[in-house]
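Morning, everyone. I'll take a few minutes on one chain. Please have a look at it before I start.

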Amino acid sequence: MKGLIAARMSRREWLVASGLGLLLSGNPALGVEELPHFHQIIERHFDRWTRGNHPVLTDLRVKELVLHPEVRGAEAAAIASIHLYQRKAGNEAHPLTREFLLTAHSENSALRRDQSASGANLSHNYTEFLKHIQSVPRQAFAIERPRLNEIAQGHLGDCYFIAAVGAETHRNSNPFRHLIHANDDRSYEVRFPNGRHVIVPMMTDAQLALGSNAGLQGIWLNVLELAAGIVEEQSRKLQGELPLDTLGGGGDSVFSIQLLTGHKTVKHRIRSHVSGAYPAPVEQDVPQLATRFSHLIHDGIENRRLVCCGIGDWSVPPGLIKKHQYAIFEVKRDHVEIWNPWGCKYHFKPNGTPGLQHGYETAGGRFSMPARDFVRVFGTVNIESDQPIR
(Lines give C-alpha, C1' and ligand atoms only; values in the text may rest on other atoms or scores of the structure.)
Protein backbone atom coordinates (compact mmCIF):
# COMPACT_ATOMS: atom_id res chain seq x y z
CA MET A 1 0.00 0.00 0.00
CA LYS A 2 1.37 3.39 -1.02
CA GLY A 3 0.39 5.08 2.25
CA LEU A 4 2.08 2.50 4.44
CA ILE A 5 5.20 2.56 2.35
CA ALA A 6 5.28 6.33 2.70
CA ALA A 7 4.71 6.06 6.44
CA ARG A 8 7.84 3.93 6.76
CA MET A 9 10.06 6.26 4.72
CA SER A 10 12.45 8.59 6.43
CA ARG A 11 11.14 12.10 6.94
CA ARG A 12 13.40 13.54 4.19
CA GLU A 13 12.46 10.78 1.71
CA TRP A 14 8.78 11.35 2.40
CA LEU A 15 9.04 15.10 1.86
CA VAL A 16 10.89 14.70 -1.43
CA ALA A 17 8.55 11.96 -2.69
CA SER A 18 5.43 13.96 -1.85
CA GLY A 19 6.69 17.18 -3.36
CA LEU A 20 6.43 19.07 -0.06
CA GLY A 21 10.08 19.39 0.84
CA LEU A 22 10.71 22.92 -0.45
CA LEU A 23 7.34 24.16 0.72
CA LEU A 24 7.89 22.89 4.23
CA SER A 25 11.38 24.30 4.45
CA GLY A 26 9.86 27.72 3.87
CA ASN A 27 7.19 27.21 6.52
CA PRO A 28 8.66 25.59 9.64
CA ALA A 29 5.55 26.52 11.65
CA LEU A 30 3.31 24.10 9.73
CA GLY A 31 0.41 23.03 11.90
CA VAL A 32 0.65 25.69 14.61
CA GLU A 33 -2.57 26.62 16.41
CA GLU A 34 -2.53 30.27 15.27
CA LEU A 35 -5.61 29.93 13.07
CA PRO A 36 -8.45 28.39 15.10
CA HIS A 37 -11.18 28.69 12.44
CA PHE A 38 -11.64 26.09 9.72
CA HIS A 39 -11.95 28.61 6.88
CA GLN A 40 -8.71 30.30 7.96
CA ILE A 41 -6.88 26.96 7.77
CA ILE A 42 -8.21 26.45 4.25
CA GLU A 43 -7.08 29.93 3.16
CA ARG A 44 -3.65 29.39 4.63
CA HIS A 45 -2.89 25.87 3.35
CA PHE A 46 -5.01 25.12 0.27
CA ASP A 47 -2.39 26.16 -2.30
CA ARG A 48 0.27 24.06 -0.62
CA TRP A 49 -2.08 21.08 -0.36
CA THR A 50 -2.74 21.25 -4.10
CA ARG A 51 0.89 22.26 -4.84
CA GLY A 52 -0.44 25.53 -6.24
CA ASN A 53 -1.30 24.22 -9.70
CA HIS A 54 -4.61 22.42 -9.33
CA PRO A 55 -8.03 23.84 -8.42
CA VAL A 56 -9.22 20.63 -6.73
CA LEU A 57 -7.85 18.76 -3.71
CA THR A 58 -7.90 15.11 -4.75
CA ASP A 59 -8.74 12.05 -2.69
CA LEU A 60 -5.22 10.67 -3.14
CA ARG A 61 -3.69 13.94 -2.01
CA VAL A 62 -5.84 14.05 1.12
CA LYS A 63 -4.73 10.50 1.99
CA GLU A 64 -1.09 11.55 1.57
CA LEU A 65 -1.65 14.49 3.92
CA VAL A 66 -3.37 12.27 6.51
CA LEU A 67 -0.17 10.22 6.64
CA HIS A 68 2.22 13.17 6.61
CA PRO A 69 4.06 13.50 9.96
CA GLU A 70 4.60 17.25 9.50
CA VAL A 71 0.88 18.00 9.08
CA ARG A 72 0.06 18.79 12.67
CA GLY A 73 -2.34 20.58 14.95
CA ALA A 74 -5.05 22.68 13.34
CA GLU A 75 -3.94 21.75 9.83
CA ALA A 76 -4.18 18.04 10.66
CA ALA A 77 -7.64 18.56 12.16
CA ALA A 78 -8.78 20.23 8.93
CA ILE A 79 -7.35 17.45 6.78
CA ALA A 80 -9.04 14.83 8.98
CA SER A 81 -12.36 16.65 8.64
CA ILE A 82 -12.00 16.81 4.86
CA HIS A 83 -11.08 13.12 4.67
CA LEU A 84 -14.10 12.21 6.80
CA TYR A 85 -16.34 14.16 4.42
CA GLN A 86 -14.92 12.28 1.43
CA ARG A 87 -15.47 8.91 3.11
CA LYS A 88 -19.04 9.61 4.19
CA ALA A 89 -20.15 11.31 0.98
CA GLY A 90 -18.56 8.68 -1.28
CA ASN A 91 -19.49 9.11 -4.94
CA GLU A 92 -21.72 12.05 -4.01
CA ALA A 93 -18.83 14.08 -2.64
CA HIS A 94 -18.51 17.58 -4.08
CA PRO A 95 -15.15 18.34 -5.75
CA LEU A 96 -12.88 19.76 -3.06
CA THR A 97 -12.34 23.21 -4.48
CA ARG A 98 -11.26 26.15 -2.37
CA GLU A 99 -14.71 27.71 -2.83
CA PHE A 100 -16.54 24.62 -1.62
CA LEU A 101 -14.38 24.23 1.46
CA LEU A 102 -14.81 27.90 2.33
CA THR A 103 -18.46 28.56 1.61
CA ALA A 104 -20.48 25.96 -0.27
CA HIS A 105 -21.06 23.33 2.38
CA SER A 106 -23.93 23.53 4.86
CA GLU A 107 -23.67 22.19 8.39
CA ASN A 108 -26.07 20.60 10.85
CA SER A 109 -24.20 19.76 14.03
CA ALA A 110 -27.32 18.04 15.41
CA LEU A 111 -26.83 15.12 13.00
CA ARG A 112 -25.67 11.92 14.67
CA ARG A 113 -22.41 10.46 13.49
CA ASP A 114 -24.20 7.48 11.90
CA GLN A 115 -25.79 9.83 9.35
CA SER A 116 -23.67 10.11 6.20
CA ALA A 117 -24.53 13.82 5.92
CA SER A 118 -22.68 14.44 9.20
CA GLY A 119 -19.43 14.35 7.25
CA ALA A 120 -20.39 17.70 5.71
CA ASN A 121 -20.12 19.29 9.15
CA LEU A 122 -16.60 20.29 8.21
CA SER A 123 -16.12 23.10 10.72
CA HIS A 124 -17.84 21.24 13.55
CA ASN A 125 -15.80 18.07 13.00
CA TYR A 126 -12.63 20.13 12.63
CA THR A 127 -13.19 21.69 16.06
CA GLU A 128 -13.81 18.28 17.64
CA PHE A 129 -10.69 16.84 16.01
CA LEU A 130 -8.53 19.78 17.09
CA LYS A 131 -9.61 19.37 20.72
CA HIS A 132 -8.60 15.71 20.55
CA ILE A 133 -5.22 16.49 18.99
CA GLN A 134 -4.47 19.19 21.54
CA SER A 135 -5.48 17.22 24.62
CA VAL A 136 -4.37 13.61 24.10
CA PRO A 137 -1.10 12.52 25.78
CA ARG A 138 1.21 11.06 23.16
CA GLN A 139 2.41 7.98 25.05
CA ALA A 140 0.49 4.74 24.68
CA PHE A 141 -0.52 4.54 28.34
CA ALA A 142 -0.67 7.77 30.31
CA ILE A 143 -2.44 6.08 33.23
CA GLU A 144 -1.95 2.78 35.03
CA ARG A 145 -5.12 1.09 33.79
CA PRO A 146 -7.45 1.91 30.88
CA ARG A 147 -10.90 3.02 32.03
CA LEU A 148 -14.14 2.34 30.20
CA ASN A 149 -15.75 5.63 31.21
CA GLU A 150 -13.40 7.67 29.00
CA ILE A 151 -13.62 5.57 25.83
CA ALA A 152 -15.63 6.81 22.85
CA GLN A 153 -15.75 5.52 19.27
CA GLY A 154 -14.68 8.13 16.74
CA HIS A 155 -16.23 8.79 13.35
CA LEU A 156 -14.95 5.54 11.83
CA GLY A 157 -17.46 2.77 11.23
CA ASP A 158 -15.56 0.42 13.55
CA CYS A 159 -18.18 -0.13 16.24
CA TYR A 160 -17.54 -3.86 15.86
CA PHE A 161 -13.97 -3.32 17.06
CA ILE A 162 -14.58 -0.75 19.80
CA ALA A 163 -17.41 -2.88 21.21
CA ALA A 164 -14.96 -5.75 21.74
CA VAL A 165 -12.38 -3.34 23.20
CA GLY A 166 -15.04 -2.10 25.62
CA ALA A 167 -16.00 -5.63 26.60
CA GLU A 168 -12.37 -6.48 27.32
CA THR A 169 -11.84 -3.24 29.26
CA HIS A 170 -14.88 -4.07 31.42
CA ARG A 171 -13.73 -7.66 31.98
CA ASN A 172 -10.02 -7.15 32.59
CA SER A 173 -8.60 -4.80 35.22
CA ASN A 174 -5.52 -4.07 33.09
CA PRO A 175 -6.10 -5.02 29.46
CA PHE A 176 -3.99 -4.33 26.38
CA ARG A 177 -0.77 -3.19 28.07
CA HIS A 178 0.82 -6.55 27.26
CA LEU A 179 -0.21 -6.22 23.59
CA ILE A 180 1.46 -2.88 22.83
CA HIS A 181 5.22 -2.44 22.83
CA ALA A 182 6.82 0.96 22.13
CA ASN A 183 9.87 1.20 19.85
CA ASP A 184 12.61 3.83 19.94
CA ASP A 185 11.43 5.37 16.63
CA ARG A 186 7.98 6.09 18.13
CA SER A 187 6.43 3.20 16.28
CA TYR A 188 4.68 0.37 18.12
CA GLU A 189 4.68 -3.38 17.84
CA VAL A 190 1.26 -4.85 18.56
CA ARG A 191 1.16 -8.58 19.34
CA PHE A 192 -2.41 -9.82 19.16
CA PRO A 193 -3.30 -13.04 21.02
CA ASN A 194 -4.45 -14.67 17.78
CA GLY A 195 -0.82 -14.70 16.60
CA ARG A 196 -0.85 -11.60 14.39
CA HIS A 197 2.06 -9.21 14.99
CA VAL A 198 1.89 -5.73 13.45
CA ILE A 199 4.24 -2.73 13.34
CA VAL A 200 2.30 0.52 13.67
CA PRO A 201 4.33 3.50 12.33
CA MET A 202 4.46 6.70 14.36
CA MET A 203 0.94 8.05 14.36
CA THR A 204 0.19 11.36 12.69
CA ASP A 205 -2.09 14.00 14.17
CA ALA A 206 -4.68 13.37 11.46
CA GLN A 207 -4.76 9.65 12.27
CA LEU A 208 -5.28 10.47 15.93
CA ALA A 209 -8.12 12.82 15.02
CA LEU A 210 -9.89 10.26 12.84
CA GLY A 211 -9.65 7.47 15.40
CA SER A 212 -11.43 6.82 18.65
CA ASN A 213 -10.80 8.69 21.88
CA ALA A 214 -9.67 7.41 25.26
CA GLY A 215 -9.51 10.85 26.83
CA LEU A 216 -6.37 11.50 28.86
CA GLN A 217 -5.43 7.82 29.00
CA GLY A 218 -3.00 8.08 26.07
CA ILE A 219 -3.11 6.76 22.50
CA TRP A 220 -3.37 3.03 23.25
CA LEU A 221 -6.84 2.87 21.66
CA ASN A 222 -5.63 4.64 18.51
CA VAL A 223 -2.67 2.26 18.27
CA LEU A 224 -4.97 -0.76 18.60
CA GLU A 225 -7.32 0.61 15.93
CA LEU A 226 -4.53 1.22 13.46
CA ALA A 227 -3.03 -2.20 14.15
CA ALA A 228 -6.41 -3.88 13.63
CA GLY A 229 -6.81 -1.90 10.40
CA ILE A 230 -3.46 -3.17 9.15
CA VAL A 231 -4.53 -6.74 9.95
CA GLU A 232 -7.80 -6.21 8.07
CA GLU A 233 -5.96 -4.66 5.15
CA GLN A 234 -3.55 -7.58 4.93
CA SER A 235 -6.34 -10.13 5.25
CA ARG A 236 -8.44 -8.53 2.52
CA LYS A 237 -5.36 -7.84 0.36
CA LEU A 238 -6.48 -4.27 -0.26
CA GLN A 239 -4.35 -1.69 -2.05
CA GLY A 240 -4.51 2.09 -1.87
CA GLU A 241 -6.63 2.35 1.27
CA LEU A 242 -5.65 3.76 4.63
CA PRO A 243 -5.76 1.06 7.32
CA LEU A 244 -8.12 3.21 9.39
CA ASP A 245 -10.49 3.41 6.41
CA THR A 246 -10.34 -0.37 6.03
CA LEU A 247 -11.22 -0.87 9.69
CA GLY A 248 -13.84 1.87 9.47
CA GLY A 249 -15.68 0.24 6.58
CA GLY A 250 -17.76 -1.92 8.91
CA GLY A 251 -17.37 -5.51 10.04
CA ASP A 252 -18.26 -8.14 12.58
CA SER A 253 -17.24 -8.37 16.23
CA VAL A 254 -16.38 -12.04 15.63
CA PHE A 255 -13.20 -10.71 13.96
CA SER A 256 -12.49 -8.34 16.85
CA ILE A 257 -13.08 -10.81 19.67
CA GLN A 258 -10.86 -13.39 18.01
CA LEU A 259 -8.15 -10.80 17.36
CA LEU A 260 -8.16 -9.56 20.96
CA THR A 261 -8.47 -12.95 22.68
CA GLY A 262 -7.04 -15.58 20.35
CA HIS A 263 -10.19 -17.66 20.92
CA LYS A 264 -12.74 -18.86 18.42
CA THR A 265 -16.00 -16.96 18.63
CA VAL A 266 -19.49 -18.37 18.08
CA LYS A 267 -22.23 -16.36 16.39
CA HIS A 268 -25.74 -17.01 17.72
CA ARG A 269 -28.54 -15.68 15.51
CA ILE A 270 -31.79 -14.27 16.82
CA ARG A 271 -32.97 -13.15 13.39
CA SER A 272 -32.48 -15.20 10.23
CA HIS A 273 -32.32 -14.05 6.63
CA VAL A 274 -35.66 -14.60 4.89
CA SER A 275 -36.44 -13.36 1.38
CA GLY A 276 -34.00 -10.47 1.50
CA ALA A 277 -34.92 -9.33 5.02
CA TYR A 278 -34.36 -10.18 8.68
CA PRO A 279 -37.85 -10.35 10.22
CA ALA A 280 -38.35 -9.92 13.95
CA PRO A 281 -39.26 -13.05 15.94
CA VAL A 282 -42.95 -13.84 16.11
CA GLU A 283 -44.38 -12.92 19.50
CA GLN A 284 -45.08 -16.51 20.53
CA ASP A 285 -41.35 -17.29 20.23
CA VAL A 286 -40.17 -14.30 22.27
CA PRO A 287 -40.36 -15.89 25.79
CA GLN A 288 -38.37 -18.94 24.70
CA LEU A 289 -35.80 -16.81 22.87
CA ALA A 290 -35.44 -14.50 25.86
CA THR A 291 -34.77 -17.44 28.17
CA ARG A 292 -32.34 -19.08 25.76
CA PHE A 293 -30.27 -15.96 25.11
CA SER A 294 -30.29 -14.91 28.76
CA HIS A 295 -28.70 -18.27 29.59
CA LEU A 296 -26.20 -18.07 26.73
CA ILE A 297 -25.09 -14.58 27.70
CA HIS A 298 -25.00 -15.38 31.42
CA ASP A 299 -22.86 -18.47 30.84
CA GLY A 300 -20.47 -16.48 28.64
CA ILE A 301 -20.07 -13.69 31.17
CA GLU A 302 -19.74 -16.12 34.10
CA ASN A 303 -16.91 -17.87 32.24
CA ARG A 304 -15.23 -14.51 31.60
CA ARG A 305 -15.87 -14.57 27.86
CA LEU A 306 -16.29 -11.47 25.72
CA VAL A 307 -19.85 -11.04 24.49
CA CYS A 308 -21.02 -8.61 21.80
CA CYS A 309 -24.30 -8.16 19.96
CA GLY A 310 -25.49 -6.52 16.77
CA ILE A 311 -28.44 -4.76 15.18
CA GLY A 312 -28.99 -4.85 11.42
CA ASP A 313 -30.80 -2.54 9.05
CA TRP A 314 -34.24 -2.54 10.65
CA SER A 315 -36.33 -0.26 12.84
CA VAL A 316 -35.06 0.26 16.38
CA PRO A 317 -36.35 2.05 19.50
CA PRO A 318 -35.30 5.70 19.96
CA GLY A 319 -31.75 6.04 21.23
CA LEU A 320 -30.53 2.77 19.70
CA ILE A 321 -28.50 2.66 16.49
CA LYS A 322 -29.26 0.37 13.58
CA LYS A 323 -26.40 -1.29 11.69
CA HIS A 324 -24.40 -1.08 14.90
CA GLN A 325 -22.65 -3.44 17.32
CA TYR A 326 -22.57 -3.28 21.10
CA ALA A 327 -20.85 -4.98 24.05
CA ILE A 328 -22.79 -6.95 26.66
CA PHE A 329 -21.59 -6.74 30.25
CA GLU A 330 -24.06 -8.94 32.16
CA VAL A 331 -27.58 -10.28 32.57
CA LYS A 332 -29.23 -9.26 35.81
CA ARG A 333 -32.83 -9.84 36.90
CA ASP A 334 -33.91 -10.68 33.33
CA HIS A 335 -32.32 -7.47 32.03
CA VAL A 336 -29.39 -7.31 29.62
CA GLU A 337 -26.71 -4.72 30.49
CA ILE A 338 -25.36 -3.26 27.24
CA TRP A 339 -22.69 -0.74 26.21
CA ASN A 340 -22.82 1.37 23.05
CA PRO A 341 -19.23 1.97 21.82
CA TRP A 342 -20.08 5.65 21.33
CA GLY A 343 -19.25 5.44 25.01
CA CYS A 344 -18.73 8.46 27.23
CA LYS A 345 -20.01 10.80 24.53
CA TYR A 346 -23.43 9.19 24.25
CA HIS A 347 -26.37 9.86 26.54
CA PHE A 348 -30.09 9.40 25.91
CA LYS A 349 -33.20 10.06 27.95
CA PRO A 350 -36.52 8.52 26.84
CA ASN A 351 -39.41 10.88 26.20
CA GLY A 352 -41.79 8.64 28.12
CA THR A 353 -41.78 5.29 29.90
CA PRO A 354 -38.59 3.35 29.03
CA GLY A 355 -39.26 0.53 26.60
CA LEU A 356 -39.59 -0.34 22.94
CA GLN A 357 -41.64 2.75 22.18
CA HIS A 358 -39.51 5.41 23.87
CA GLY A 359 -36.11 3.72 24.21
CA TYR A 360 -33.92 3.16 27.26
CA GLU A 361 -32.09 5.65 29.42
CA THR A 362 -28.42 5.66 28.46
CA ALA A 363 -25.50 7.23 30.31
CA GLY A 364 -21.98 7.06 28.93
CA GLY A 365 -23.16 4.47 26.41
CA ARG A 366 -24.50 2.08 29.08
CA PHE A 367 -28.13 1.02 29.29
CA SER A 368 -30.30 -1.90 30.37
CA MET A 369 -33.26 -3.51 28.62
CA PRO A 370 -35.50 -6.49 29.43
CA ALA A 371 -34.39 -9.74 27.80
CA ARG A 372 -37.74 -9.95 26.01
CA ASP A 373 -37.09 -6.56 24.42
CA PHE A 374 -33.51 -7.54 23.65
CA VAL A 375 -34.52 -10.46 21.41
CA ARG A 376 -37.04 -8.25 19.62
CA VAL A 377 -34.40 -5.62 18.77
CA PHE A 378 -31.04 -7.38 18.34
CA GLY A 379 -30.19 -9.83 15.59
CA THR A 380 -26.99 -11.58 16.69
CA VAL A 381 -24.94 -12.38 19.78
CA ASN A 382 -21.24 -13.22 19.41
CA ILE A 383 -19.66 -15.11 22.31
CA GLU A 384 -16.00 -15.94 22.82
CA SER A 385 -15.37 -19.66 23.31
CA ASP A 386 -12.56 -21.41 25.18
CA GLN A 387 -11.14 -22.88 21.96
CA PRO A 388 -7.89 -21.27 20.77
CA ILE A 389 -7.76 -20.22 17.13
CA ARG A 390 -4.39 -21.85 16.64
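**Fold, sheet and cores**

Start with the contacts: take those between residues at least 6 apart in sequence, and 68% of them join residues at least 24 apart. Keep in mind that this is a predicted model. The chain has 390 residues, and 54% of them count as buried. Its secondary structure comes to 15 helices and 11 strands. The accessible surface is about 17,500 Å², with 49% of that belonging to carbon and sulfur atoms.

Now the sheet. It is open, with 6 strands in the order β6-β11-β7-β8-β9-β10, paired antiparallel.

β6 pairs with β11, residues 380–388, over 6 bridges in the antiparallel sense. Within that pair, Arg 269 stands opposite Thr 380 of β11.

Two helices pack on this sheet. Helix α13, residues 253–261, touches β6, β7, β8 and β11. The direction of α13 makes about 155 degrees with that of β6. Helix α14, residues 286–302, touches β6, β7, β8, β9 and β11. The direction of α14 makes about 85 degrees with that of β8.

Next, the cores. The largest nonpolar core has 78 residues. Among those with the most contacts inside it are Trp 49, Ile 82, Phe 161 and Trp 220. Which helix gives the most to this core? Helix α6, residues 73–89, with 10 residues.

Zoom in on Trp 49. Leaving aside neighbours within four places in sequence, its contacts include Ile 41, Ile 42, Leu 57, Ala 78, Ile 79 and Ile 82. Arg 61 and Glu 75 are also in contact with Trp 49.

There is a second, separate core of 29 residues. Leu 289, Ile 297, Ile 328 and Val 336 are included in it.

Last, the cysteines. How many disulfides does the structure hold? The count is 0. Take Cys 308: the nearest cysteine sulfur is that of Cys 309, 7.2 Å away. Is Cys 308 buried or exposed? Cys 308 is buried, at a relative accessible area of 0%. Cys 344 is partly exposed, at 27%.

That's my tour. Over to you.

Note on methods: Residues are numbered from 1 along each chain as its sequence is written. This is a predicted model: local features need pLDDT of at least 70, side-chain atom pairs count only at pLDDT 80 or more; totals for chains, interfaces and linings use all residues. Side-chain values use heavy atoms; hydrogens and water are left out. Two strands pair if DSSP finds at least two bridges between them. Helices (H or I, at least four residues) and strands (E, at least two) are DSSP runs, numbered from the N terminus. Contact means heavy atoms within 4.5 Å. Axes are lines fitted to C-alpha atoms, for helices over the stretch in contact, and angles run from 0 to 180 degrees between N-to-C directions. Buried means under 20% relative accessible area, exposed over 50%, partly exposed in between (1.4 Å probe, protein chains only). Accessible areas come from the Shrake-Rupley method with a 1.4 Å probe; for residues, only the protein chains shown count as cover. A disulfide is a pair of cysteine sulfur atoms within 2.5 Å. A nonpolar core is a set of buried Ala, Val, Leu, Ile, Met, Phe, Trp, Tyr and Cys residues joined through side-chain atoms within 4.5 Å.
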